[in-house]
Amino acid sequence: TSVTAVDDCLFCKIVAGDIPAEVLHSTERTVAFRDLSPQAPTHVLVVPRDHHENAAALAAADPEASAELVRTAAAVAAAEGHDDYRLVFNTGSGAGQTVFHAHLHVLAGRSFGWPPG
Ligand code: 5GP
Ligand code: ZN
């Protein structure tokens, strides 16, 4: 399931190692690295190695990668010492998506309100 990296995609460049990131965990289909602008004591992004523009496109094209994203997120939260954590897929600019390469936010280490606002 190899998909060509997209030239102007920030997360394709991080996956390729062309832009540095603090990588915590990587699997066959995913890479997890710390967010540059953390919104919680633990704020990690888990991305598929292949380029898909959002979580729905990823799930449609590669369900196993989609499942691996969630498993990796759980492993990262556990490795950081958190039982409780929040997973977020911002989908579309109106919902706050700024990087159009699917990514799962793993947030932990503080309390989170609900509804999220
Ligand atoms: P979105 O807003 O698309 O859901 O999330 C994109 C995330 O990528 C943001 O939380 C932002 O802080 C993070 N981000 C943007 N540029 C970089 C970067 O160059 N490196 C890392 N590690 N994170 C980044
Ligand atoms: Zn990409």
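What follows is a short talk through one predicted model of a protein chain with a ligand, going from the overall fold to one helix and then to the ligand shell.

Let me start with the whole chain, and please keep in mind throughout that we are looking at a prediction. The protein chain has three helices and five strands, and if you follow these elements from the N terminus on, they run α-β-β-β-α-α-β-β. The radius of gyration is 13 Å, close to the 13 Å that the globule rule gives for 117 residues, so the chain is as compact as a globular protein of that length. Along its principal axes the C-alpha trace spans about 40 × 30 × 25 Å. Of the 117 residues, 29% are buried, and when we take the contacts with a separation of 6 or more, 57% of them are between residues 24 or more positions apart.

I would now like to turn to helix α3, residues 63-79. How far apart are its end C-alpha atoms? They are 24 Å apart, and this agrees with the span that its 17 residues should have at 1.5 Å a residue, which is also 24 Å.

Which residues of α3 are buried? They are Ala65, Ser66, Leu69, Thr72, Ala73, Val76 and Ala77, and, seen down the helix axis, they fall within an arc of 135°, so they line one face of the helix. On the face turned away from that buried side we find the exposed residues Pro63, Glu64, Ala67 and Ala78. As for the partners of the buried residues, they pack against the strands β1 (23-26), β2 (30-34), β3 (42-48), β4 (86-88) and β5, and also against helix α2 (55-61). After α3 comes Gly81, a residue whose phi is positive, near 90°.

The peptide bond that joins Trp114 and Pro115 is cis, with omega at about 0°.

Finally, let me come to the ligand. Ligand 1 is surrounded by 13 residues, and the closest of these are Leu36, Ser37, Asn90, Thr98 and Val99. What is the make-up of this shell by class? The shell around ligand 1 has six nonpolar residues, five polar residues and two charged residues.

To gather the main points, then, this predicted chain has three helices and five strands, the buried residues of α3 line one face of that helix, and a shell of 13 residues surrounds ligand 1.

How values were computed: Residues are numbered from 1 along each chain as its sequence is written. Chains are lettered from A and ligands numbered from 1 in the order in which they are written. This is a predicted model: local features need pLDDT of at least 70, side-chain atom pairs count only at pLDDT 80 or more; totals for chains, interfaces and linings use all residues. A residue is near a molecule or strand if its C-beta atom, placed from the backbone, lies within 6 Å of it. Ala, Val, Leu, Ile, Met, Phe, Trp, Tyr, Cys and Pro count as nonpolar, Asp, Glu, Lys and Arg as charged, and the others, Gly among them, as polar. Helices (H or I, at least four residues) and strands (E, at least two) are DSSP runs, numbered from the N terminus. The expected span of a helix is 1.5 Å times one less than its number of residues. A residue is buried if 20 or more other C-beta atoms lie within 10 Å of its own, exposed if 12 or fewer, and partly exposed in between; C-beta atoms are placed from the backbone. The arc is that of the directions from the helix axis to the C-beta atoms. Two residues are in contact if their C-beta atoms, placed from the backbone, lie within 7 Å. The radius of gyration is taken over C-alpha atoms; the globule rule is 2.2 Å times the number of residues to the power 0.38.
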